[in-house]
Amino acid sequence: MSNPRCDICGSVMKGNGRTKAGAKRWRCKPCGSSKTMRIDNAAKLLRLFLSWLLSKRSIAELGYSRSTFWRKCARFWELWPIAPSTGEVFDTVFLDGIWLSRDAAVLVARSKGHVIAWHLAQRECASSWAALMTRMPAPMLAVSDGSAGLAKAARAVWPSTKIQRCVVHVSCQIKRCTTKNPKLECGRELLGIANRLARAKDEEAMRQWIVDYAQWCADWSEFLKESTVKDGRRVYTHERLRRARGSLNRLVKEGTLFTFIEMQKEHGGEWDSTNNPIESMNAQLREMLRLHRGLPLLHRVKAVMWWCYMHTEEPMSPAEILCRMPRDEDVDGLFAIASNEGRRSDGGPERYGKAIAWNEFHMPTRYRQ
């Protein structure tokens, strides 16, 4: 460590023994002033904290006792990781949300290579998705699993963006209605059509799939109209198959099943038809939460945000994070300005994504209010 300079005259100070507490004492010979310096190892501890949070390492493997580790790292739970604003335009953006409780979800947007942005919300409604979408330029294609409110938000915020429904999710949704081993011939044919959906990768395969599905609808139209009397009222006998048909009819009408093929025709190249990049990310997030099970809700929220931040394109160093990331008191100030609702018993906001002006909370600005 280089010798410090005097705060009074600016001269280089010399070592002058130690205090009773063992701290190094420095003395300035020209002016006679003295001082001690305390080494700030907060950045080192933050790096250690993140390595524990985002890995499978236990506290014992870090060389600390449990009580010592929690005492040293308790202050880092006060930090709120925020998404960096780069303004970069992506061809394809993958959107999905991970639920942490009945009324708390983190909505995430990512590209093929890294996480772009995230938003803490109470539910996956249109306003929450719109709040996430406004933080990034509109992409050419957005791939999702059909979350409620996402299409409505995209029409308002990203009117020029094409929406691709994840074909794997559609196939799984049909399987939930038919089961993997349907007893009826109608269900077996529909299951075969659903299984071929993910393999339709070009225009010819798309047309054949649509023809096969239309033929199935025509062949089994009268069969699906059958009804029975149950508890004194008439209900459809094959309600689950009708539900599967209604879901596919809606997707075909919206034109979101084969958007990726339209993009291939218009722009060339290969476009994604599944939400696999963000689903693999969700699996890692769930594994992290499983390894650290028992955390309170607010800590689980921040753990997901830390994972997202450390998987952005260029995360800051621990020292920069300590200087720039907002803390709980900053959030409390925004919360007090926006609402009088207070905080929940678990330490989180009373209404995620609603009670705070989230623009300044989630986006880094040079001068935060």
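Reader: Why is aspartate 231 called exposed?
Author: Its relative accessible area is 75%. Exposed means over 50%, buried means under 20%, and partly exposed lies in between (1.4 Å probe, protein chains only). At 75%, aspartate 231 is therefore exposed. This is a predicted model, where local features need pLDDT of at least 70, side-chain atom pairs count only at pLDDT 80 or more, and totals for chains, interfaces and linings use all residues. Residues are numbered from 1 along each chain as its sequence is written, and side-chain values use heavy atoms, with hydrogens and water left out.

Reader: Where is aspartate 231 placed?
Author: In the loop between β9 (227-230) and β10 (233-236). Helices (H or I, at least four residues) and strands (E, at least two) are DSSP runs, numbered from the N terminus. The chain has 14 helices and ten strands.

Reader: What makes the phi of aspartate 231 worth a remark?
Author: Its phi is positive, about 55°, although aspartate 231 is not a glycine. Most residues other than glycine have a negative phi. Threonine 179 also has a positive phi, about 70°, and is not a glycine. Threonine 179 sits in the loop between α5 (167-178) and α6.

Reader: Is threonine 179 buried, exposed or partly exposed, and what makes it so?
Author: Partly exposed. Its relative accessibility is 36%.

Reader: What makes threonine 256 count as buried?
Author: Its relative accessible area is 11%, which is under 20%, so threonine 256 is buried. It lies in the loop between α8 and α9. Not counting residues up to four places away in sequence, threonine 256 touches Ile163, Gln164, Arg165 and Leu251. Contact means heavy atoms within 4.5 Å.

Reader: How do you know that cysteine 6 is buried?
Author: Its relative accessible area is 6%, under the 20% cut-off, so the label holds. Cysteine 6 lies in the segment before β1 (14-18). It touches Ser11, Met13, Cys28, Cys31 and Ser33, leaving aside residues up to four places away in sequence. Tryptophan 26 is 20 residues from cysteine 6 in sequence and 9.0 Å away in space, C-alpha to C-alpha.

Reader: Why is lysine 24 said to sit over the ring of tryptophan 26?
Author: The charged end of lysine 24 is 5.3 Å from the ring centre. A charge sits over a ring if NZ of Lys or CZ of Arg is within 6 Å of the ring centre and within 35 degrees of the ring normal. Arginine 242 lies over the face of tyrosine 236, at 3.6 Å from the ring centre.

Reader: Why is the pair of tryptophan 306 and tyrosine 309 called edge-to-face?
Author: First, the rule. Rings of Phe, Tyr and Trp (its six-membered ring) pair if their centres lie within 6.5 Å; planes under 30 degrees apart count as stacked, over 60 as edge-to-face and the rest as tilted. By this rule the count comes to twelve aromatic pairs. Phenylalanine 49 and tryptophan 52 stand 6.0 Å centre to centre with 40° between the planes, so that pair is tilted. Tryptophan 306 and tyrosine 309 are 6.4 Å centre to centre with 80° between the planes, so they pair edge-to-face. Both residues lie in helix α11 (residues 297-310), three residues apart, about one turn of the helix. Tryptophan 306 is buried at 0% relative accessible area, and tyrosine 309 is buried at 2%.

Reader: Which residues do ring pairs link into a cluster?
Author: Phe49, Trp52, Tyr64, Phe69, Trp70, Phe76 and Trp77. Both phenylalanine 49 and tryptophan 52 are buried.

Reader: How do you know that the span of helix α7 (residues 203-219) agrees with what it should be?
Author: The expected span of a helix is 1.5 Å times one less than its number of residues. For the 17 residues of α7 that gives 24 Å, and its end C-alpha atoms are 24 Å apart, which agrees.

Reader: Which residues of α7 are buried?
Author: Met206, Trp209, Tyr213, Trp216 and Cys217. Seen down the axis of α7, they fall within an arc of 100°, so they line one face of the helix. The arc is that of the directions from the helix axis to the C-beta atoms. The face turned away carries the exposed residues Glu204, Arg207, Val211 and Ala218. Cover for the buried residues of α7 includes α6 (185-197), α8 (239-254) and α9 (259-267).
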